[in-house]
Amino acid sequence: MFKKILIANRGEIACRVIKTARAMGIKTVAIYSDADRNALHVRMADEAVRIGPPPANESYIVIDKVMDAVRQTGAEAVHPGYGFLSENAKFAEALEAAGVAFIGPPKKAIEAMGDKITSKKIAQEANVSTVPGNMGLIEDAEDAVKISNQVGYPVMIKASAGGGGKGMRIAWNDDEAREGFQSSKNEAASSFGDDRIFIEKFVTQPRHIEIQVLCDAHGNGIYLGERECSIQRRNQKVIEEAPSPFLDEETRKAMGEQSVALAQAVGYTSAGTVEFIVDGDRNFYFLEMNTRLQVEHPVTELITGVDLVEQMIRIAYGEKLKIAQKDVKLNGWAMECRLYAEDPYRNFLPSIGRLTRYRPPEEVKVEGAVVRNDTGVYEGGEISMYYDPMIAKLCTWGPDRMAAIEGMRAALDGFEVEGIGHNLPFLSAVMDHPKFVSGDITTAFIAEEYPEGFDGAELDDATLRRIAASCAAMHRVAEIRRTRISGRMDNHERKIGDDWNVALQGQSHDVRITARRGAATVTFADGGEVEVVSDWTPGDHLARLDVDGVPLVLKIGKISGGFRIRCRGADLKVHVRTPRQAELAARMPEKQPPDTSKMLLCPMPGLVVKMNVEVGNEVQEGQALCTIEAMKMENILRAERQGIVSVVNAGPGDSLAVDEIIMEFD
């Protein structure tokens, strides 16, 4: 077996590979850019080599720099992770020339299947049903418009070397085709060093289902079931599960056998994924093949018990697969939620900064339940603007789908992240969404169910009542703590009353608390009683309570006169007041937010790529004003209403902070 491997990647996938290599007794080498000098993968590896400045096109995707690190450390093999150089045939060729094993497929297989245009042509020649589209390269924006009209709107504009949602745009008309072509081309060049673009028909209401395959160099190939990846935003997967709640055994078998046959037709070895779109009648169409380990591979590992990274390493070493198709059994159900540094309250725009608090739920592996967290960050570390915004992949397993969902709900409630915007509230809301719970989902789920974006979940009255009772009990504990002041004068002890008012989410509850050690009975004005049991103490950021015999987990933040509570996707300000304080608070006028209607504010930290207007220009509603790049994604900012540009404060190349004023209007 290899004695030392280099991981040509960063973040959670680098950490993931290091864990398996360590378990196999293999030493590891990390590479890092200046932005990742103190990253977790650098700390975990046995050795680490600096490869350049923060931008990926000056470090992680520069083949010569990675090869220098290989030579310096004497690594016998390289695992590329996903993204960066993982599907770069020139990188595989450079390793082969240097006598270093590539823990991935052969160069020819990467060329054949890693390129979306080539792979579609091969699939068509093999009589595999593919999505209608134009397989030729697109020269310019006008060519994109012409081809889009030939294919028929809506169309998907895609980077040939793309992946992870980068370099992809949906266009519904000529203007969007022009804009989408240029943005896709720019993103493709920045992310993959390859700006080739093609166009295919965008199939509405599809499911995105993929098959995991494993092939060795001795002619053996198997499939390890499927993954349902339909919960996507901006063509990027957010929640995955295995198996799919939609497939039957017949369709699963047909998709699996076709995937293995396609892989073996191009001499594929290692782990790979064949992606399909599946319509409502379970007709499936080949989409592409990812010639690498997928981000969402943990859910397959959880239902099959197969360590895919270990298998990749063994196959690269020349070993035969010890697993036959008859040995593959799908056991239980697994869920994966991708925790991103994206602010759901700002339309999921990237958020960067320091993780002032990062406390994932405890990883468990017991009979009937598994919690797994694959991450590449730590408390006190920074989320950089230069790379993908993923913080962690939280996974749960249960004997059935509902058990996996319940496990995920509890794990999300117990996941503490502070210092940056993140999508934990949104993930929690999806886990409770009736349509998701039913399994009736398509790739349009987020667009259809959250058309105006996400501004927090609305909790039902029963849940709000449980939270109100909990906050009343916790507030009383905090008030008692505040009365215990040493050295006070006699007869100056402050008494804590039993009557309180709790206000949250537009509701107001008058309650009476009867307390005893570790528990309290909260009686509402209508006579209803709620029993709260808790060992919470003031200052704890997480409260694990038992409310009427049912567990409740609350994330706690302190505000004046109460708490900021986050639970099940809701972000609530809960005020607990005495009756007199509540009476006076009701008379207070509401503070109005400042008027920014005549300003264009930068919605996230980023770099100005392009300015479309200048002072004096008249703009119309929906018109593109400028383009901001952050975390490898281009974001076009548009005018919300008609106006005339009066001030422009930024230009191409400028770095902007969140809410910085880009321009003003008359």
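Here are some questions and answers about how parts of this predicted model are described.

The model is predicted, with local features needing pLDDT of at least 70 and side-chain atom pairs counting only at pLDDT 80 or more, while totals for chains, interfaces and linings use all residues. Residues are numbered from 1 along each chain as its sequence is written, and side-chain values use heavy atoms, leaving out hydrogens and water.

Q: Why are H3 and H4 called roughly parallel?
A: The axes of H3 (residues 63–73) and H4 (residues 89–97) cross at roughly 30° and come within 11 Å. Angles under 35 degrees count as roughly parallel, so H3 and H4 get that label.

Q: Which residues make the contact between H3 and H4?
A: From H3 there are Ile 63, Val 66, Met 67 and Val 70, and from H4 there are Lys 90, Phe 91, Ala 94 and Leu 95. Contact here means heavy atoms within 4.5 Å. Sorted by class, that's seven nonpolar, no polar and one charged.

Q: What makes H7 oblique to H8?
A: H7 (residues 141–151) and H8 (residues 174–192) pack at about 130°, with axes 8 Å apart. Under 35 degrees is roughly parallel, over 145 roughly antiparallel, 65 to 115 roughly perpendicular, and the rest oblique. The angle of about 130° therefore makes H7 oblique to H8.

Q: Which residues of H7 and H8 meet?
A: On the H7 side, look for Ala 141, Glu 142, Ala 144, Val 145, Ser 148 and Asn 149; on the H8 side, Asp 174, Ala 177, Arg 178 and Phe 181. They split into five nonpolar, two polar and three charged.

Q: Why does Gly 332 count as buried?
A: Buried means under 20% relative accessible area, exposed means over 50%, and partly exposed is in between (1.4 Å probe, protein chains only). Gly 332 comes in at 18%, so it counts as buried.

Q: Where is Gly 332, and what is it in contact with?
A: Gly 332 sits in the loop between H11 (308–316) and E15. Leaving aside neighbours within four places in sequence, its contacts are Ala 242, Pro 243, Ile 303, Trp 397, Gly 398 and Pro 399. Trp 397 is 65 residues away along the chain, yet the two C-alpha atoms are separated by 7.1 Å.

Q: Which residues touch the most other members of the largest nonpolar core?
A: Among its 39 residues, those are Ile 239, Ile 391, Met 431 and Phe 436. H13 gives the most to this core, with six residues.

How values were computed: Axes are lines fitted to C-alpha atoms, for helices over the stretch in contact, and angles run from 0 to 180 degrees between N-to-C directions. Helices (H or I, at least four residues) and strands (E, at least two) are DSSP runs, numbered from the N terminus. Ala, Val, Leu, Ile, Met, Phe, Trp, Tyr, Cys and Pro count as nonpolar, Asp, Glu, Lys and Arg as charged, and the others, Gly among them, as polar. A nonpolar core is a set of buried Ala, Val, Leu, Ile, Met, Phe, Trp, Tyr and Cys residues joined through side-chain atoms within 4.5 Å.
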